[in-house]
Amino acid sequence: MTPLIAPSLLAADFTKLHDEVDLINRSDADWLHLDVMDGRFVPNISFGMMLVKAVDGICTKPLDVHLMIVEPEKYIESFREAGADVITVHLEACPHLHRTLQQIHATGARAGVAINPHTPVQLLEDVLEDIDLVCMMSVNPGFGGQKFIYRTLEKTKQLRQMIIERNLPTQIEIDGGVGLQNAAAILSAGANVLVAGSSVFKADDPLQVITRLKQCGQETLLV
């Protein structure tokens, strides 16, 4: 299976935002990943609805919006109106997760749930049928450029087995420290969406890196 590649805008050069988004438009990437941080759920602040709306105006790819915020239910409609196609909330930030997933679906967006490195996948069992995308954090959320936590591979295998047993179409996205050095192992574990930030935007040839990440899925099938 050819994976979906979602470059993370957090690693882009914001002084050349239009050019960076245009690069993604011209690339083999499937989505553009946007990390929204509030300085409360995670120790950093990134951007909000206004930037998502601005990016939506120039991006030809679906916007994969990852809400690293407390009380995301207050902002779901606003992010959908700004252009989000996929809206992902954190399990750890949602005391009423099932209700929040229903809220996302009601806007017409796809619903994602992110889990932090310490969170077991078994906590998703009661809502898995309602989730379109599980975002497995393979670094501690809040900052780009961190090293991949390899325990994520075992968690990915466990989650893929849960999805297979229920015959669900749920996608598994890996976010954090993803690059050419580990993409094949991640895909072999059962993931099918790769979020790549620094490995794409800091590369000498970002377009080539995106293409090679997609090709890792075909190489995995040959193993």
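**Inside the fold**

Trainee: Let's start with Leu34: which residues is it in contact with, leaving aside its neighbours within four places in sequence?
Mentor: Keep in mind that this is a predicted model. With those sequence neighbours set aside, Leu34 is in contact with Asp64 and His66, and also with Leu9, Phe47, Leu51, Val52, Val55, Leu63 and Val65.

Trainee: And how many residues does the largest nonpolar core have?
Mentor: Leu34 is among those with the most contacts inside that core, along with Leu9, Leu32, Val55, Val65 and Leu159. Another core, of nine residues, lies apart from it and includes Val42, Met68, Ala114 and Val139. As for the largest core, its count is 65 residues.

Trainee: Which element gives the most to the lining of the largest cavity?
Mentor: The search turns up one cavity of 30 Å³ or more, with a volume of about 50 Å³. Its lining is made up of Pro117, Met136, Met137, Ile149, Arg151, Thr152 and Lys155. Strand S6 (133–137) and helix H5 (151–165) are the elements that give two or more residues. The most, three residues, comes from H5.

Technical notes: Residues numbered from 1 in each chain as written. Predicted model: local features only at pLDDT ≥ 70, side-chain atom pairs only at ≥ 80, totals over all residues. Heavy atoms only, no water. Core = buried A, V, L, I, M, F, W, Y, C linked by side-chain atoms within 4.5 Å. Buried < 20%, exposed > 50% of the residue type's maximum accessible area, 1.4 Å probe, protein only. Contact = heavy atoms within 4.5 Å. 1 Å grid on protein atoms, 1.4 Å probe; cavity = no way out; pocket = protein on both sides within 12 Å on 5 of 7 lines; lining within 4 Å. Points joined across faces, edges and corners; volume = space filled by probe spheres on them. Helix = DSSP H or I, 4+ residues; strand = E, 2+ residues; numbered from the N terminus.
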